[in-house]
Amino acid sequence: MWKRACDMADVTAAELRRARQADRDAMDHERAEHDEMLSALVAERDALRSEVEALRGDASETEAQLNTTRDELLQARAALEVT
């Protein structure tokens with residue numbers, strides 16, 4: 001009887017160890033998936049930041065050109081008024 005109880009306890013313990021290992025494996029897999037998603041999001045964020053900085057530079061150039069064109073227009077209007 002004692003032997004059978006010990007054998008059953010060993011089987012139960014082995015099943016519990018396998019279940020815990022399966023849980024750990026599942027968590028490790030899920031963690032790896034989350035790490036991959038996080039890495040992808042960080043890369044996308046960095047790419048978007050770079051794009052925003054480039055667009056800001058373009059906007060600054062466009063604004064400078066607009067100001068130059070406005071100044072030229074004002075000068076042309078003033079020249080027309082003088083004549």
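The model is a predicted one, in which local features need pLDDT of at least 70, side-chain atom pairs count only at pLDDT 80 or more, and totals for chains, interfaces and linings use all residues. Residues are numbered from 1 along each chain as its sequence is written, and side-chain values use heavy atoms, with hydrogens and water left out.

Let us begin with the fold. The protein has 1 helix and 0 strands (helices are DSSP runs of H or I with at least four residues, strands are runs of E with at least two, and both are numbered from the N terminus). The radius of gyration is 35 Å, well over the 12 Å that the globule rule gives for 83 residues, so the protein is more spread out than a compact globule. Here the radius is taken over C-alpha atoms, and the rule is 2.2 Å times the number of residues to the power 0.38. Along its principal axes, the C-alpha trace spans about 120 × 10 × 5 Å.

What share of the 83 residues is buried? Buried residues make up 1% of them, where buried means under 20% relative accessible area, exposed over 50% and partly exposed in between, with a 1.4 Å probe and protein chains only.

Now to the charges. The protein carries 12 positive and 20 negative side chains, counting Lys and Arg as positive and Asp and Glu as negative, without His or the chain ends. The structure holds 3 salt bridges, each a side-chain nitrogen of Lys or Arg within 4 Å of a carboxyl oxygen of Asp or Glu.

One of them joins Asp-28 and Arg-31 at 2.8 Å, N to O. These two residues are 3 apart in helix H1, which means that about one helical turn separates them. Arg-56 and Glu-53 form another, at 3.0 Å, and they too lie in helix H1, 3 residues apart. Arg-56 is exposed at 52%, whereas Glu-53 is partly exposed at 48%. Arg-45 pairs with Asp-46, their closest N and O atoms being 2.9 Å apart.

Finally, look at Glu-30, Glu-33, Asp-35 and Glu-36, which gather in a surface patch of negative charge. Patch residues have over 30% relative accessible area and no salt bridge, with like charges joined within 9 Å and nonpolar side chains (Val, Leu, Ile, Met, Phe, Trp, Tyr) within 5 Å. Glu-30 belongs to helix H1, residues 2-82, and is partly exposed at 42%.

How values were computed. Areas by Shrake-Rupley, 256 points an atom, 1.4 Å probe, with all protein chains shown as cover. Charge placed at Lys NZ, Arg CZ, Asp CG, Glu CD.
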